[in-house]
Amino acid sequence: MPILNVKVSAKKSPELTKKIANLLLELTSRILKKKREVTAIAIEYVDHDAWVVAGQLLSQQGKNSFYFDIKITDETNTKDEKAQYIKEAFEGFEKLLGNLHEESYIYVQDVRAATYGFGGLTQEYRYQH
């Protein structure tokens, strides 16, 4: 039941939104073993003139970038799985956006089962019942 919050320096389009969602759904289900049917993704587009890396606008650098965080229940994935996920997600965004700035970030957040949930129930409650 992960939630992904994505920011991408690109012009908004339904096609790119679908490609990003498909990439993240595939990686999240294959590598992290999360159920597609309870994975949510929110994508926000940020203009290159509103994204700064090392004190310079991306538009000045002629680069693209992205950031996303994913919240997963603590202790449900190994360090190796998370490392593979970060590697393949970066590679996937490189293919989608091209000319990717190295300072593009992925944050896998391990959150406590008792403090995280959906549908009004925590993951801890779901585990126990």
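**Helix 1 and selected side chains**

Analyst: In helix 1, the buried residues (under 20% relative accessible area, with a 1.4 Å probe and protein chains only; exposed is over 50% and partly exposed in between) are Leu16, Ile20, Ala21, Leu23, Leu24, Leu25, Leu27 and Thr28. This is a predicted model, in which local features need pLDDT of at least 70 and side-chain atom pairs count only at pLDDT 80 or more, while totals for chains, interfaces and linings use all residues. Residues are numbered from 1 along each chain as its sequence is written, and side-chain values use heavy atoms, with hydrogens and water left out.

User: Which elements do the buried residues of helix 1 pack against?

Analyst: Helices (H or I, at least four residues) and strands (E, at least two) are DSSP runs, numbered from the N terminus. Packing is judged by contact, meaning heavy atoms within 4.5 Å. For the buried residues of helix 1, the partners are strand 1 (3–8), strand 2 (40–45), strand 5 and helix 3.

User: How are the rings of Phe66 and Phe93 arranged: stacked or edge-to-face?

Analyst: Rings of Phe, Tyr and Trp (its six-membered ring) pair if their centres lie within 6.5 Å; planes under 30 degrees apart count as stacked, over 60 as edge-to-face and the rest as tilted. Phe66 is buried at 0% relative accessibility, and Phe93 is buried with a relative accessible area of 0%. The centres of their rings are 4.0 Å apart and the planes are at 10°, so the pair is stacked.

User: How many residues apart in sequence are the parts that this pair ties together?

Analyst: Phe66 belongs to strand 5, whereas Phe93 belongs to helix 3. The pair therefore ties together parts whose separation in sequence is 27 residues.

User: Which residues do ring pairs link into a cluster?

Analyst: By the ring rule, the count comes to 5 aromatic pairs. In one of them, the rings of Phe66 and Phe90 are tilted, because their centres are 6.0 Å apart and their planes are at 50°. The cluster linked by ring pairs consists of Phe66, Phe68, Tyr85, Phe90 and Phe93.

User: Which side chain does Asn64 join in a polar contact?

Analyst: Asn64 lies in the loop between helix 2 (58–61) and strand 5, and it is buried, with a relative accessible area of 15%. A polar contact is a pair of N or O atoms within 3.5 Å; within protein, one must be able to donate a hydrogen and the other to accept it, and residues adjacent in sequence count only if both atoms are side-chain atoms. At 2.6 Å, the partner of the Asn64 side chain is that of His48.
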